[in-house]
Amino acid sequence: MLSTVRIACKSLTRTPGIFHSLSTSASRKMEPYKSAIHPDIYLYPGSSVQDQFKTIDPSTLIETDAQSFSGYIPMEALTVRYTDSQGRITADPIRDSRVDIRFHLQSAQWLSDETKANIQAKWGRELTKDGFLVVKSDRTRSAMMNTADGLRKLREAIWASEGQTPPANPELELEIQRKKQIALARKKVKQPKV
Amino acid sequence: MTLGHLSSAEKALAMLRHLPRVSVNNLAKLPTDSLPKKTPLRGAKNRNKRDMFKIWSPLGWEGGSSPIFKTTPVEVSYNYGYHAQRQYPPMSLKTLQLLIDTGRLDTHHPIDLATLCQTKVYRLDPNLRQFGVHLTAEGMDGFKAKVHLEVQWASQEAIAAVERNGGSLVTAYFDIFSVKALADPIAFFKTGQPIPRRLTPPADAVGYYMNPANRGYLADPTKVAEERVLLAQKFGYSVPPLDDPVSQEAQELIKDPRQVFYGLQPGWIVSLADKRIYKPLDEELVKHYNS
């Protein structure tokens, strides 16, 4: 024997979100369905699937060694400007792909004094007259990717001032090698046969 | 009897008195009936331009004749298992933004494969081994919408673009029968079949869906939260908090690994004609659908 349940039959026609009308029906609050292999039960007991949306304090991810630069940069401390390749602000996110990231070095609270001294020693000549460290990127046609590139440059500059080499990126190196091989092969094909 | 002395209205009435009653067998043919009939095209003639993108033929396919890798003994294993490969037709963030701006998608509720297929802009054919939507990053700079998405594959930049606007993204695997149900839910409900119990990913996909960097639905939730911070650090934005009512609803509705539709459980039969849901009561069935 099968039992029946009345559903909120507000709209069963072609409208977006019709299958969400069940969750928003005011009369019944349905228990969330949990099978035997739900992550909370089977994979990660003691934690909840909703934990993935919780805001984490980034300081908990940083190692306790306060002197060297961890790699964490609070975005509120940086001034990020997006312009087109000529330096004009067009306010069109697709055209404004060039990124300009700057911050005043000596008043940066997110860097330790030792790190600041290292940066001053290595990059002091690159700072602006007012003491701002500037990083620019216009490598790709996407502002988002250029921001990532700019931040990578900034992090590598800070680590270089501390004497650390940037981490190896084998995927990138392989890709560069592959493209070189293709270019070489193309050159070979173009050469006339002797 | 002459009708010359009558007015046009009187003439018409005089005609009506003598004409037979109008019925189905004395109607004049419609103009379209005289057009040449379109017979269904078969074979190569039944191919249109869009099929080029719908059906991904294997690399090296030579239009039907024996491809070179089949005749060469060394390369015989090339394209091995092609018929069993899963395909994820892409959808860009640009298309997604357009769908939202034109009102085809409602961002107040979480968006999954069923919602995307119902727009009829994104089409999925499970018969062509298409297992879901692959969210690509084209249009990431102009992506302004705050959405809570459930996709099957997503690039890192696409995840970042969604999360920096205060949205969320989960990648989840659906087996082919679940995809068939999602691709056209109304047609599926009309078949009268119970909602399938979604299967776990196959061996070559488990790694992807357990990886927190991909926001996999089987990944460790605490590690996913950490990855959100790391991705924000990579692309240069602060992680927005997800504490508004829309986000709360999306979080509560996160699907179980056996669940296909939001708010519906496997084993239920949704009857559109009766406007009712029929649930199984038999012990063995209940045990099966909850396992």
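## Interface of chain A and chain B

In this predicted model, twelve residue pairs, both members at pLDDT 80 or more, are in polar contact between chain A and chain B. On the side of chain A that touches chain B, the elements giving two or more residues are β1 (3–6), α1 (39–43) and α3 (143–161) of chain A. The largest share of that side, seven residues, is from α3(A). Sorted by class, the side of chain A that touches chain B holds 31 nonpolar, 17 polar and nine charged residues.

In terms of residues, 57 of chain A are in contact with 66 of chain B. The area buried between the two chains is about 5500 Å², and carbon and sulfur atoms give 66% of that area. Zero salt bridges are found by the rule across the interface of chain A and chain B.

## Largest pocket

The volume of the largest pocket is about 1600 Å³. It is lined by 43 residues, of which A:Ala148, A:Arg152, A:Arg155, A:Asn169 and B:Lys234 are the closest to its centre. Two or more lining residues come from each of α3 and α4 (170–190) of chain A, and from each of α6 (156–164) and α10 (221–235) of chain B.

As for the lining of the largest pocket, α3(A) gives the largest share, nine residues. By class, the lining consists of 19 nonpolar, nine polar and 15 charged residues.

Definitions and conventions: Residues numbered from 1 in each chain as written. Chains lettered and ligands numbered in written order. Predicted model: local features only at pLDDT ≥ 70, side-chain atom pairs only at ≥ 80, totals over all residues. Heavy atoms only, no water. Contact = heavy atoms within 4.5 Å. Buried area = accessible area lost by both parts, 1.4 Å probe. Salt bridge = Lys/Arg side-chain N within 4 Å of Asp/Glu carboxyl O. Polar contact = N/O pair within 3.5 Å; in protein donor to acceptor, adjacent residues only side chain to side chain. Helix = DSSP H or I, 4+ residues; strand = E, 2+ residues; numbered from the N terminus. Nonpolar A, V, L, I, M, F, W, Y, C, P; charged D, E, K, R; others polar. 1 Å grid on protein atoms, 1.4 Å probe; cavity = no way out; pocket = protein on both sides within 12 Å on 5 of 7 lines; lining within 4 Å. Points joined across faces, edges and corners; volume = space filled by probe spheres on them.
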